[in-house]
Amino acid sequence: MALNNIIPAKTVRAVQLETLKVIADCLSMTFGPNGSLTQLYKQNAFPRFTKDGISVLREIKFDQPIEQSIVANIDSICTEQVKVVGDATTSIVILSHIIFEKLDKLYPAGSYFDAQMVLNAFRKVVNEAIDYIQHHKQEATMENLRDIATISTNNNKELTDLIMDIYEKFGNDVHIKVEASLNNETYLKEYDGLVLECGLLDQAFANMPDNKTACIDNPKIYAFADPVDTPEMGLFFDTIVHDNIVKPMQEAVDRTTKLRKTDPTAEEIKPEFVPTVIMMPKLSRDFSSRIDAIIDNVFRRFANIAKPPLLIISDITSEDSGVFDDITILSGCKKIRKYIDPNIEKTDIKNGEAIDPQNPRKLIHTFAGSCDRVEADYTSSKFIKPKYYYDENDPSQHSEVYINHIAKLESEYNKAQEEGKKIVEVYKYRQRLNAIKGCMVDIFVGGISAQDRDQKSDMLEDAVLNCRSACVNGVGYGANFEALRAFKDIMNYTRPGTDEAEVMQQLAVILFESYKELGKKLYMTHCRGNEENALDIVERNLVMGSPMNIRLGGWPTENEAGKVLSSIKTDQCVLNSIAEILSIMFVTNQMLINDFNRHDYFVK
């Protein structure tokens, strides 16, 4: 029979299990406070030493398609986890391997079972655990934020004190970001402004030496209130990009060409770009391909410092809508909207509140706001000193727009409290008020060597993100304890006697046993390889109602050893990540590859 490109179910499953094992074994070397460093080597670059799970994962390479796709999928899912709570990549990968092995024994590849029903049951059990965990959250205080920072920095007092000094000075709503220092010194920089929890649309927009950050000074800021997914909205978007970026580039090329006809040695004329930031809830697939063309034809051809000053911020969700409104008001943006009713659109065009699609250039640039600077990375965008943050004539005083906006938010906050609205809604008003009145702080991390700086940066970044998430979402126990005790109770739930209920019971037991195995791995080094003693600690954690502090010894209820705390979102995000990874792998019962030279899977 001729060789084909179909990889059957049993082969796919075997490779999935083996690949997960390889990745899990590699990352387990970094696991927990007793984890060791991994050296990341790249030719012609300084060696890097880290115990950061996501950094290690991204350096694992395979030369076969199934393995490559698994790493890429896990990387993508764990990246979202990192944005929320810092890093729990190692827990996610190890748990995925343990759980997948147990699922494979219960539901082997090629056997007949209702895969979708199993997945639905798995998701329901996970959701039960997430709800259970949520009920155990505590409010963030300076005391438990210090515990979180201590755990995240592996008991590094210097780094913990650095973080806590900032929180004690600026309060829980301060926005901290970690950067590499340009010298050996660690120092802070404070900013006034607002932070939107949405970042770079693509790495190509990064224009700083770290190749991860974009900084644009004195930009024109355009705000789309609705997704860019219609010809009309696309026209407005294209007009902005063309007028501010493409046209100046074309004019500079034409002028240079004309000049060199008479003087071949004439210097290239630099484009007179209009620095531009465009915010939008979403970019449709059609317009995404248009952006891809701009990225490929323009941004990837320039070195970072020479890239056109354009930043596109997309994926602004309802969670970000309040801050989005605050940024547009304080920077002086008028929102570009989508209209369903043509009569309303005509009225707004006449009143100067909407842009005429027949003549977009007439008004579109008057809709732009401004600020001193916008800085963005993959996770967030910082708007420094928006136009109406301070009074134009007296920079020591806030502007009338700022004062009125604060008064409006305070009125809405008080009204929401009086009317007994949901705690989440009330909290959002308070969070917005604190964010506007608060501050942003960058920690520039130095070190005696690049390796020292990288290690400090990794620990600080995890601690900062975990503390930020704890301030927003609440505090819970770390070391995967919240999920462990959740599944202990969930597996004893009484459910109606259906097939799905029976599967949910089996899955709850599998998840509880998997978390016990993960806990055992966490304490193995502490117990010098004694599996029985490591498992005893896991069982003792459940009895004591909190995880043991490895660094300080014992449990806080016994000897004030210090609580092992984290953002309550940590275990919830881990569970969501595992569910997504396993749901994709579990229902994959064959694979088609496009390279017939990659036929190692068919060798018997």
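Colleague: Which residues does His-97 touch, leaving out those up to four places away in sequence?
Modeller: His-97 sits in helix α4 (residues 89-106); helices are DSSP runs of H or I with at least four residues, strands are E runs of at least two, and both are numbered from the N terminus. His-97 is buried, at 9% relative accessible area; buried means under 20%, exposed over 50%, partly exposed in between, with a 1.4 Å probe and protein chains only. Contact means heavy atoms within 4.5 Å. Beyond four places in sequence, the residues touched by His-97 are Leu-17, Leu-20, Lys-21 and Ala-24.

Colleague: What pLDDT do side-chain atom pairs need here?
Modeller: Residues are numbered from 1 along each chain as its sequence is written, and side-chain values use heavy atoms, without hydrogens and water. The model is predicted: totals for chains, interfaces and linings use all residues, local features need pLDDT of at least 70, and side-chain atom pairs count only at pLDDT 80 or more.

Colleague: Lys-21 came up as a contact of His-97. Which residue meets the side chain of Lys-21 in a salt bridge?
Modeller: A salt bridge puts a side-chain nitrogen of Lys or Arg within 4 Å of a carboxyl oxygen of Asp or Glu. The N to O distance is 2.8 Å, and the partner is Asp-25.

Colleague: How close are the N and O atoms of Arg-373 and Asp-217?
Modeller: Both residues are partly exposed, Arg-373 at 26% and Asp-217 at 44%. They form a salt bridge. Arg-373 is in strand β11 (residues 369-376) and Asp-217 in strand β7 (residues 214-217), so the pair links distant parts of the chain, 156 residues apart. The closest N and O atoms are apart by 2.9 Å.

Colleague: How many residues apart in sequence are the parts that Lys-334 and Glu-353 tie together?
Modeller: The two side chains meet in a salt bridge at 4.0 Å, N to O. Lys-334 lies in the loop between α10 (321-331) and α11 (342-350), and Glu-353 in the loop between α11 and β11. The pair therefore ties together parts whose separation in sequence is 19 residues.

Colleague: How far apart are the end C-alpha atoms of helix α8?
Modeller: Helix α8 (residues 231-262) has 32 residues.

Colleague: At which residue does α8 bend?
Modeller: The bend is the angle between axes fitted to the seven residues ending at a residue and the seven starting there. For α8 this angle is about 50°, at His-242.

Colleague: Which strands stand at the edges of the open three-stranded sheet?
Modeller: The order is β4-β13-β5, with mixed pairing; strands pair if DSSP finds at least two bridges between them. Each edge strand has a single partner, so one side of each is left without a neighbour in the sheet. Those strands are β4 (175-180) and β5 (187-191).

Colleague: Which residue in β13 stands opposite Leu-188?
Modeller: β5 and β13 (residues 440-445) pair in the antiparallel sense over five bridges. In β13, the residue opposite Leu-188 is Ile-443.

Colleague: Are the residues Leu-310, Leu-311, Ile-312 and Ile-313 buried or exposed?
Modeller: Strand β10 (residues 310-313) pairs with β9 (residues 276-279) in the parallel sense over four bridges. Leu-310 and Ile-312 point one way, Leu-311 and Ile-313 the other way. All of these are buried.

Colleague: How far apart in space are the C-alpha atoms of Phe-170 and Met-440?
Modeller: Phe-170 is in helix α7 (residues 157-170) and is partly exposed, at 25%. Beyond four places in sequence, Phe-170 touches Glu-190, Cys-439 and Val-441. Phe-170 and Met-440 are 270 residues apart in sequence, yet their C-alpha separation is 8.9 Å.

Terms used:
The expected span of a helix is 1.5 Å times one less than its number of residues.
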